[in-house]
Amino acid sequence: QVQLEESGGGSVQAGDSLRLSCAASGRTANTYDLGWYRQAPEKEREFVAGIDWSGDRPVYAGAVAGRFTISRDNAKRAVYLQMDNLMTKDTAIYYCQYAPSDAPSNDAWGQGIQVTVSS
């Protein structure tokens, strides 16, 4: 069983930056992908960014490309999301996701962390 714990959320003003962190614990697979999703009030959860084991091929949603940067530290079993030039539309609960490379359906999710951006 894999547990994920997010940290680094908070309330900021538009144009500010935040850095989210997510640490995995428990029995992780030999290789796994990590990602960030978010859910705004009254909206469905949506993909934000993902990164594979090598870290060479990050993927971003169009709404955050150029503003957010995903990275990982395999030694720490951690993934990060640097969020720059935050906008009010980025307000949401952000979730960390873990997915084994050879069995992505065996994924795990963090509890979520609130990010609030005010104008």
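This is a predicted model: local features need pLDDT of at least 70, side-chain atom pairs count only at pLDDT 80 or more; totals for chains, interfaces and linings use all residues.
Strands β7 and β8 run antiparallel and are joined by six bridges, and S71 stands opposite Y80 in β8.

Local features need pLDDT of at least 70 and side-chain atom pairs count only at pLDDT 80 or more, whereas totals for chains, interfaces and linings use all residues. Residues are numbered from 1 along each chain as its sequence is written, and side-chain values use heavy atoms, with hydrogens and water left out.

Aromatic pairs are counted when ring centres of Phe, Tyr or Trp (its six-membered ring) lie within 6.5 Å, planes under 30 degrees apart being stacked, over 60 edge-to-face and the rest tilted; by this rule the count comes to four.

| Pair | Centre to centre | Angle between planes | Class |
|---|---|---|---|
| Y37 and F47 | 5.5 Å | 80° | edge-to-face |
| Y37 and W109 | 4.9 Å | 65° | edge-to-face |

Y37 lies in strand β4 (residues 32-39) and F47 in strand β5 (residues 46-51), so their pair ties together parts that are 10 residues apart in sequence. W109 belongs to strand β10 (residues 108-109), so its pair with Y37 in β4 ties together parts that are 72 residues apart in sequence. F47 is partly exposed at a relative accessible area of 31%, and W109 is partly exposed at 32% (buried is under 20%, exposed over 50%, partly exposed in between, with a 1.4 Å probe and protein chains only). Elsewhere, ring pairs link Y32, W53 and Y98 into a cluster.

Charged ends also sit over rings, a term that requires NZ of Lys or CZ of Arg within 6 Å of the ring centre and within 35 degrees of the ring normal. That of R19 is 4.2 Å from the centre of the Y80 ring, while that of R45 is 4.7 Å from the centre of the W109 ring.

Note on methods
Helices (H or I, at least four residues) and strands (E, at least two) are DSSP runs, numbered from the N terminus. Two strands pair if DSSP finds at least two bridges between them.
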